[in-house]
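Me: I have a structure open and would like to learn how to read it. Could you walk me through a few features?

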Amino acid sequence: MVLVLDAIKTDEELAAEAAREDSDGPAFTELVGRHQERVWRVCYRLLGNDADAQEAAQEVFVGMFQNRGAFAGKSKFTTWLHSIAVRTCLTLRRARNRRHKYETGLAEQRLYESQRPAADAAGQALDLARMLETLDEEDRALLVLKYSEGYSYEELADIFHLSESACKMRISRARDELQARFPGHEL
Amino acid sequence: MAKNLLESLAEREVPPVPADLNQRVHERLNRALLVSHLIDLALGGVPYLASHFCRAVGHLLCFTFTGRF
């Protein structure tokens, strides 16, 4: 009976209920169940591997629990949750990049190599993931979410706290930037 | 079929959600809750108990040496 009722409740109602729970009660558990698939996809798309995506997805739901009282219902619950997911992934990526740079000292060299004009790498298949690595973290995330998960400009604007026109402009600039760096590829 | 490179992003496979994700979330959350409760205890409960204990010891010493309470 409880399960049937939970299925009827909206995310926003469940979030309000979860805010009243002292621990990870039924409302929180139901929200995790409903959203784990999408959160997992976002984390995997942004981080690119299982281990980091799993770490991030866990962190997202812990973050959701810790901030559940802060959800004011001004935006859709999914937008609020996905904005936590994107922030978490960007933080993890920045930490991972810093660690990598510190440990190997090769990151700059790799970045430089991947930024060289495609003429240098003629006949060599460039990996799209590596091309995207040359972009600013937020621009990369905007492109990935737009093209891999099909987010609308409106959703992206809410998630990144930008205006819709700013979102369109950043995506267009990021594409132009990639096109300028890798002229041999149709973007 | 994707027309260009960026559109081909959507065709890349995403593995299924790990079977133990739910369980790991709850385990992680419980650890986080335990830590936050311990911090609450350290910041609130322990100083309160310590101050009471110190007052009791102070009164005991005072009574021992002066005979007055």
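Predicted model: local features only at pLDDT ≥ 70, side-chain atom pairs only at ≥ 80, totals over all residues.

Me: What is the angle at which helix α3 and helix α4 of chain A pack, and how far apart are their axes?

Reply: In general, two packed helices are described by the angle between their axes and the distance between the axes. Here, α3 (residues 26-47) and α4 (residues 50-66) of chain A pack at about 140 degrees, and their axes are 9 Å apart. The crossing of α3(A) and α4(A) is right-handed.

Me: Which residues make the contact?

Reply: From α3(A) come Phe28(A), Val32(A), Val39(A), Trp40(A), Cys43(A), Tyr44(A) and Leu47(A). From α4(A), the residues include Asp52(A), Ala53(A), Val60(A), Phe61(A) and Phe65(A). By class, the contact of α3(A) with α4(A) has 13 nonpolar residues, 1 charged and no polar.

Me: Now the two chains: how many residues of chain B are in contact with chain A?

Reply: There are 21 in chain B, and they touch 25 residues of chain A. The chain B side divides into 13 nonpolar, 4 polar and 4 charged residues.

Me: One last stop, His161(A): where does it lie, and is it buried or exposed?

Reply: His161(A) sits in the loop between α9 (153-160) and α10 (164-181) of chain A. Its phi is positive, about 55 degrees, although His161(A) is not a glycine. With 8 other C-beta atoms within 10 Å, His161(A) is exposed, because 12 or fewer is the cut-off for that label.

Key: Residues numbered from 1 in each chain as written. Chains lettered and ligands numbered in written order. Axes fitted to C-alpha atoms, helices over the stretch in contact; angles between N-to-C directions. Helix = DSSP H or I, 4+ residues; strand = E, 2+ residues; numbered from the N terminus. Left-handed = near helix turned anticlockwise from the far one by under 90°. Contact = placed C-beta atoms within 7 Å. Nonpolar A, V, L, I, M, F, W, Y, C, P; charged D, E, K, R; others polar. Buried ≥ 20, exposed ≤ 12 C-beta atoms within 10 Å, placed from the backbone.
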